[in-house]
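Subject: Structure handover

Hello,

Here is the structure I promised to pass on. Please open it alongside this email; my notes follow below.

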Amino acid sequence: MLKCSLCVNDERTAKIDIIDGKLICRECQVYLKHPIDREAVRQGLDELMENVERAIVAYSGGKDSTVALYLAKEVYKVPELEAVMVDHGLMAREAIENARRVAGALEVPFTLLRYDYSDIFREALLKGQSPCRACSKRTMEKLRKYALKNGYRYIITGHELPFGHHPYRLMSGGVVQIRLLSMMTEEERLEILKKLPFELPELPGYTTNCLVLGPALERYWEVHGHSFEHRRIAALVRYGLMSRERAEKELEKPEVPEWQRKLVFERLGLNRGS
Ligand SMILES: [Zn+2]
C-alpha cells in the first residue's frame, strides 16, 4: 500500500502521487503550496487574547481543553472566566472528576450542563460512522446559546488548527470561537498537564474523556478497515505537532475493554453486533 512520506495518510485515506520521486498525499501537496506559519498563528492568537475580558472555556475535562483552560487563566490572564462542561451523556467519570478538580485548582467557576446525545451515538454505531462531527457541532451550538444567554462574546476551545483555517471562527449572534491550541505541539501540552491535578484516564482512541469513541472506532474498523481519525492525525504529523511513531500508534485498531463496550451499547439500547 502506498504511504505518504510526509504524514501518515495512505491510499485508504488520501490520493497519493509521486512528486520528485517521493510519495506525497494530496493534503500534503496543498500544505506544501500554502504552508502554515506557526509563529504568525501564535502571534495572531496572542493579539486576539489581549482584548478578551470575559470568556467561556469549552471544558470537556479532556487533556486539550484542560490545557486551554490553563492558558486562558495563567498565561493570558483573562479577568473573567467560566469553565463550562457539556456532558453528552457518555463522558468518562474520570473526565468529570478531572474537570472539577482542575477548575477548582485554577479557581475558575465550573458549570456542568447535562444532555443526552444518544440519537447521534446510536446512529453512528449502527451505520459504522464517526459520531465526532455531529457531537462537536451540537456541543458548540449548546455553548453558543449559553454564551449569548449569559452575555459572553468569546468561547475558548481546546481545538487545534483544522485544515488550513484561522485559529478563530465567527459564529452566529456575534460569538467568536477561539481555538487556543492552534499549532501547539503534543509535548507542549503534556508539559502543561504536568503542572495540574489532571489524571490521564486509560481510554481507547485519541481521547481522555469520551466513552463512545472506542466502540465507535471499533465499529468503523469493522466496516472500513481503518480509523476515522486518520486524516486529523495525519494533519498533526504534517504540521509537526505529533511524531510519526505516536501517530501510527493512535491509528491502530483500539482495544476496547468489555465493560466499556457493554456500558455504551446498553446505554444506547443496542445489541452488540446488531
Ligand atoms: Zn501526506
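**Rings and charges**

The charged end of Arg-138 sits over the ring of Tyr-117, 5.0 Å from the ring centre. Arg-54 does likewise with another tyrosine: it lies over the face of Tyr-152, at 4.1 Å from the ring centre. Bear in mind throughout that this is a predicted model.

Next, the aromatic pairs. The structure holds 3 of them. One joins Tyr-31 and Tyr-239, with 5.3 Å from centre to centre and 45 degrees between the planes. That pair is tilted.

Another pair is Tyr-220 with Phe-228. Their ring centres are 5.3 Å apart and their planes stand at 90 degrees, so this pair is edge-to-face. The cut-off for that label is an angle over 60 degrees. Tyr-220 has a relative accessible area of 15%, so it is buried. Phe-228 is buried as well, at 17%.

**Helix 9**

Have a look at helix 9. Of its 9 residues, 7 are buried, so the helix is largely enclosed by the rest of the structure. The buried ones are His-230, Ile-233, Ala-234, Ala-235, Leu-236, Val-237 and Arg-238. What covers them? The cover includes strand 2, helix 1 and helix 10. Just after helix 9, Gly-240 takes a positive phi of about 75 degrees.

Which residues does His-230 touch, leaving aside its neighbours within four places in sequence? The contacts are Val-8, Asn-9, Asp-10, Arg-12, Thr-13 and Leu-251.

**Helix 8 against helix 11**

Now a helix crossing. The axes of helix 8 (residues 213-224) and helix 11 (residues 258-267) come within 9 Å. They cross at roughly 90 degrees. Helix 8 is therefore roughly perpendicular to helix 11. On the helix 8 side, the contact is made by Gly-214, Pro-215 and Glu-218. On the helix 11 side, Gln-260, Arg-261, Val-264 and Phe-265 take part. By type, the residues of this contact divide into 3 nonpolar, 2 polar and 2 charged.

**Ala-103 in helix 4**

Ala-103 is found in helix 4. At a relative accessible area of 0%, Ala-103 is buried. Leaving aside its neighbours within four places in sequence, Ala-103 is in contact with Leu-69, Val-108 and Phe-110. Thr-66 is 37 residues away from Ala-103 along the chain. The C-alpha atoms of Ala-103 and Thr-66 are separated by 8.6 Å.

Most residues other than glycine have a negative phi. Two residues to check against that are Asp-20 and Glu-107.

Phi of Asp-20 is near 50 degrees, a positive value in a residue other than glycine. Where is Asp-20 placed? Its place is in the loop between strand 1 (16-19) and strand 2 (22-25). At 79% relative accessibility, Asp-20 counts as exposed. For a sense of span, take Asp-20 and Leu-196. They are 176 residues apart in sequence. In space, their C-alpha atoms are 47 Å apart.

Glu-107 also has a positive phi, near 55 degrees. It sits in the loop between helix 4 (93-105) and strand 5 (110-114). Glu-107 counts as exposed, with 66% relative accessibility.

That is the list. Send back any questions once you have been through the model.

Best wishes

Terms used:
Residues are numbered from 1 along each chain as its sequence is written. This is a predicted model: local features need pLDDT of at least 70, side-chain atom pairs count only at pLDDT 80 or more; totals for chains, interfaces and linings use all residues. Side-chain values use heavy atoms; hydrogens and water are left out. Rings of Phe, Tyr and Trp (its six-membered ring) pair if their centres lie within 6.5 Å; planes under 30 degrees apart count as stacked, over 60 as edge-to-face and the rest as tilted. Buried means under 20% relative accessible area, exposed over 50%, partly exposed in between (1.4 Å probe, protein chains only). A charge sits over a ring if NZ of Lys or CZ of Arg is within 6 Å of the ring centre and within 35 degrees of the ring normal. Axes are lines fitted to C-alpha atoms, for helices over the stretch in contact, and angles run from 0 to 180 degrees between N-to-C directions. Helices (H or I, at least four residues) and strands (E, at least two) are DSSP runs, numbered from the N terminus. Angles under 35 degrees count as roughly parallel, over 145 as roughly antiparallel, 65 to 115 as roughly perpendicular and the rest as oblique. Contact means heavy atoms within 4.5 Å. Ala, Val, Leu, Ile, Met, Phe, Trp, Tyr, Cys and Pro count as nonpolar, Asp, Glu, Lys and Arg as charged, and the others, Gly among them, as polar.
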